[in-house]
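Let's take a walk through a protein model together. Have a look at the structure below, and then we will visit a few places in it.

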Amino acid sequence: MGFEQGHRFASPECRRASPVHDTVEKRWRHMNFWQYRTEWLARVPRIDCPEHGVRLVEVPWARAGSGFTLMMEAVIWMLSREMSVSAMAEMLKEQEPRLWRVLGHSVEKAYRREDSGEVKKILVDETSSKRGHRYVTVVPDAESRKLLFLAEGRGKEALDAFAKERKEQNADPGQIEAICMDMSPSSISGAREGFSEGGEDF
């Protein structure tokens with residue numbers, strides 16, 4: 001990554017133009033060139049921000065913190081619609097956790113853009129895998145069927161986490177008027193404590 005001596009780059013946190021501290025070699029997986037694995041290699045400047053200290057500058061061809069180019073991330077998303085992550089990992093000769101991180105980042109970003117502040121009715125269900133030793137709780141909007149929350153765990157613990165997330169999104173958990181579920185006394189307790197102002201509506 002070439003730049004003129006004395007050039008200043010924007011800090012990734014505060015966008016303040018700061019001088020170059022040094023450069024580090026970075027590598028990104030790119031789309032294959034024909035059948036050959038292709039990687040981008042560049043020396044990327046690190047700036048010395050007066051407020052945040054030494055930080056790696058952003059590059060235009062990759063998301064910060066990603067080991068893939070933006071074009072490669074687009075390929076990963078395209079393939080994820082057609083095959084499992086394990087099949088994609090075998091085809092791309094990549095590790096599954098790296099692919100899951102790309103997909104997880106995009107899902108989280110899209111999820112945060114969703115406006116669920118007007119939700120009044122929810123469904124709550126749980127499923128288990130690995131012979132019942134690992135539980136996942138799913139919470140969709142009862143009317144639109146749009147997924148609102150999904151997390152490991154079950155019962156009161158999972159519902160407490162959903163209520164906490166609602167508050168972090170500036171949505172009042174108390175506005176939930178109805179919850180449909182067929183679950184344990186622990187889940188019922190979590191619904192009453194987290195989503196009922198008086199504790200007796202559910």
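Which side chain does a polar contact of 2.8 Å join to that of His 30? The partner is Thr 69; a polar contact is a pair of N or O atoms within 3.5 Å, where within protein one must be able to donate a hydrogen and the other to accept it, and residues adjacent in sequence count only if both atoms are side-chain atoms.

Before going on, note that this is a predicted model, in which local features need pLDDT of at least 70 and side-chain atom pairs count only at pLDDT 80 or more, while totals for chains, interfaces and linings use all residues. Residues are numbered from 1 along each chain as its sequence is written, and side-chain values use heavy atoms, leaving out hydrogens and water.

His 30 belongs to strand E2, residues 17–33 (strands, E, have at least two residues and helices, H or I, at least four; both are DSSP runs numbered from the N terminus). With a relative accessible area of 10%, His 30 is buried (under 20%; exposed is over 50%, partly exposed in between, with a 1.4 Å probe and protein chains only).

Now for the nonpolar cores, sets of buried Ala, Val, Leu, Ile, Met, Phe, Trp, Tyr and Cys residues joined through side-chain atoms within 4.5 Å. The largest has 14 residues, and Ile 122 and Phe 195 are among those with the most contacts inside it. Strand E8 (147–152), helix H4 (155–168) and helix H5 (185–195) each supply at least two of its residues. Another core, of twelve residues including Ile 76 and Met 88, lies apart from it.
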